[in-house]
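This report describes the fold of one protein chain, from its overall architecture to selected residues. The sequence and the coordinates are shown first.

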Amino acid sequence: MGEILSLVLLLSSWILLSIQRTLPSPWDVLTYISGLEPKRLLSHVLLTLFNSTSGFSLALISSLALGVVSHRSHLVRGFTGGICSVFNSTSALIWSLVLVSTVGVLSPLSPILVVAAVTFPQLLSTVTTALDSVDRQLLEVVRSLGGSPIDEYFDIIIPSSLPALISSSRIAVGLGLRISVVAEAFGSSGGIGYMIMRSYNLADIRGVLAWSLLLIILVITVDYVILRSIEKRSMRWSR
């Protein structure tokens, strides 16, 4: 009920601003979207989805590898702590400008690397915290039964860390979708961010709002349809 009320409030505010001619009306924006060529629209949406999921996957693999190693070594743990501090202190705008300048304006790698750089510290922090919170008594049981360190990871550590990791991944994927748009705006030849910046440069406010609305719909759809269902299943499994 609260979510519906918030949507009604936002829509009412938008209509009020359009009556005052501050913004185009919702109907104008929907008309703009309906006039877009479906193939072109889908290609930009899929490119943004690809950039964000690729960057998230790169960050997840890196954080898992570094988190497991740091769980065994105090030296590596200190190193990962320093990496997290630096990455957390760097904004998405700075990453976008640095990576676009380094990799190239039209390189498809820029948005992927920016998403990876922004989501990496959050995922790494979750991995290290989850590994530290593993039940020590269960680990002792595995060791007393002759289990190896590999058995500890696959039978106890990874299953018990999975719910926290999935919850953090849900937030990271949403963040990645929003961040990839920033990177696309500065250095890409396609994607929702590129189309928002293109519309802005053409002083096309209807285009800016239309592509922004498409991004919001994409983020909410991915979160509600895919990520929340995966998170609920992991919570049931953990009980």
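## Loop residues and helical architecture

Ala203 is located in the loop between H9 and H10. Phi of Ala203 is near 60°, a positive value in a residue other than glycine. With a relative accessibility of 69%, Ala203 counts as exposed, the cut-off being over 50%. As this is a predicted model, each value in this report is computed from predicted coordinates.

Arg21 is a further loop residue, placed between helix H1 (2-19) and H2. Phi of Arg21 is also positive, near 65°, in a residue other than glycine. Arg21 has a relative accessible area of 78% and is therefore exposed.

| Residue | Relative accessibility | Class |
|---|---|---|
| Arg21 | 78% | exposed |
| Ala203 | 69% | exposed |
| Ser52 | 3% | buried |

**Overall fold**

The protein chain contains 10 helices and 0 strands, and its pattern along the sequence reads α-α-α-α-α-α-α-α-α-α. Taken along the principal axes, the C-alpha atoms fill a box of roughly 70 × 45 × 30 Å. Of the 239 residues, 41% count as buried. Among contacts between residues at least 6 apart in sequence, 74% join residues at least 24 apart.

**Helix H8**

Helix H8 covers residues 149-186, and a straight helix of 38 residues would span 56 Å at 1.5 Å a residue. Between its end C-alpha atoms, however, H8 spans only 45 Å. A kink of about 45° lies in H8 at Leu162, shortly before the proline Pro163.

**Nonpolar cores**

The largest nonpolar core comprises 41 residues, and Leu41, Ile192 and Trp211 have the most contacts inside it. Two or more residues of this core come from each of helix H2 (26-34), helix H3 (38-72), helix H6 (109-132), helix H7 (136-144), H8, helix H9 (192-201) and helix H10 (205-238). The greatest contribution to this core is that of H10, with 10 residues. A second, separate core has 9 residues, including Ala92, Val115, Ala117 and Val118.

Ile192 can be examined individually. Neighbours within four places in sequence being left aside, Ile192 is in contact with His44, Val45, Thr48, Val181, Glu184, Trp211, Leu215 and Leu218.

**Packing of H3 and H9**

Two packed helices are described by the angle between their axes and the distance between the axes. The axes of H3 and H9 come within 7 Å and cross at roughly 120°. H3 and H9 are therefore oblique to each other. On the H3 side, Arg40, His44, Val45 and Thr48 take part in the contact, and these residues meet Ile192, Gly193, Tyr194, Met195 and Arg198 in H9.

Residues up to four places away in sequence not being counted, Ser52 touches Val115, Gly176, Leu177 and Ser180.

Note on methods:
Residues numbered from 1 in each chain as written. Predicted model: local features only at pLDDT ≥ 70, side-chain atom pairs only at ≥ 80, totals over all residues. Heavy atoms only, no water. Helix = DSSP H or I, 4+ residues; strand = E, 2+ residues; numbered from the N terminus. Expected span 1.5 Å × (residues − 1). Bend = angle between axes of the 7 residues up to and from the residue. Core = buried A, V, L, I, M, F, W, Y, C linked by side-chain atoms within 4.5 Å. Buried < 20%, exposed > 50% of the residue type's maximum accessible area, 1.4 Å probe, protein only. Contact = heavy atoms within 4.5 Å. Axes fitted to C-alpha atoms, helices over the stretch in contact; angles between N-to-C directions. Parallel < 35°, antiparallel > 145°, perpendicular 65-115°, else oblique.
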